[in-house]
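The sequence and structure come first, followed by the account.

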Amino acid sequence: MNLNTTHFVSSGDEFPYYYYLAVMSATKTQKGDIILWVKEHYDNPHFKKLYNYVEIRRIRDAFFLKEACDYIENAPVMSNIIDPHVRAVNTFDYLIWTIMSSVGGIFAGLSSIFFDDISKLWDDSKEFMVGIDDAQNRPKYMSPCGSMWRPDSQVCNEIMEAIKANSEKQSFTYRWGDLGITPAQTVMYRHRDKGKICDWGVLSGHRLDEGRYYLLEEDAELLHPNAKASPWYAASYKWTHQHGYSLDEVITPEWIKENKSLYAMTIKKQLEENEI
């Protein structure tokens, strides 16, 4: 695997249409290999299309990920987590950081959209590259989605150690992100001199209304002229749920073809009609 290999992980029981669009968006913009790691081979037509475009690997067929999956699914902290969605997110967090610390590459989210090749920005003198999120309100906040990592990064290894320490605490009062973004934030900021820190909007764009901005506003412009990627849904999870959005129902091929939002227009520009 190369440094500019893009890694997606699907750790849940379903593979919605917008996951397919994220992977397809990457195939049109990223120059390196693309690997989609999956819990299972999903029985839906959009997932099956991806066999023609990317390498699809079952998580448990890779020894280092099978070990990681077995560990996190039975970790002490998980004994108090019943919600299947939260369990899937925690599994994703543990697996994607295992991949980054083991083989490096680009950390890609399945609810992202890609505008240009991320590896163009890479600095060989650094261990990692990450984007600032929400520069106005949280200038120290960095988004792992779209980040890029050397396979031998000591910073990434330290993130894994922090995640594993949290996972070992059975009495730990779990909060969203404690097995992923929260320890990653702390470690990345501590070692920010070892990374290339991209401006807000280049690899990310965290803000509460980002989902609305990308999905609803017509004729919207990129958040940054040099934008490479945005985890638009992950960044707006709270907003979409507060407003009762079920993206499985909203984002359909018909919606993409008819809608004039930045998200839909980008997809239509990148994909052929038969790919939508």
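In strand β2, the bridge partner of Thr6 is Ile34. The model is a predicted one, in which local features need pLDDT of at least 70 and side-chain atom pairs count only at pLDDT 80 or more, while totals for chains, interfaces and linings use all residues. Residues are numbered from 1 along each chain as its sequence is written, and side-chain values use heavy atoms, with hydrogens and water left out.

Thr6 belongs to strand β1, which covers residues 6-10 and has 5 of its 5 residues buried (under 20% relative accessible area, with a 1.4 Å probe and protein chains only). Thr6, Phe8 and Ser10 lie on one side of β1, and His7 and Val9 on the other. In a regular strand the side chains alternate between the two faces of the sheet. Strands here are DSSP runs of E with at least two residues, and helices are runs of H or I with at least four, numbered from the N terminus.

| Strands | Bridges | Sense |
|---|---|---|
| β1 and β2 | 5 bridges | parallel |
| β1 and β4 | 2 bridges | parallel |
| β2 and β3 | 4 bridges | parallel |

In β4, His7 has Phe107 as its bridge partner, and in β3 the partner of Val38 is Arg58.

These strands belong to an open sheet of 7 strands in the order β3-β2-β1-β4-β7-β6-β8, with mixed pairing. β3 (55-58) and β8 (195-198) stand at the edges with a single partner strand each, so one side of each has no neighbour in the sheet. The twist averages 25° from one strand to the next.

Helix α4 (residues 84-103) packs on the sheet and touches β1, β2, β4 and β7, its direction making about 155° with that of β1. Contact means heavy atoms within 4.5 Å. Helix α6 also packs on the sheet, touching β6 and β7, and its direction makes about 70° with that of β7.

α6 (residues 181-190) packs against α5 (residues 154-167) as well, at an angle of about 145° and with the axes 9 Å apart. Axes are lines fitted to C-alpha atoms, for helices over the stretch in contact, and angles run from 0 to 180 degrees between N-to-C directions. Among the residues making this contact are Ile159 and Ile163 of α5 and Val187 and Met188 of α6.

Key
Buried < 20%, exposed > 50% of the residue type's maximum accessible area, 1.4 Å probe, protein only. Pairing = 2+ DSSP bridges.
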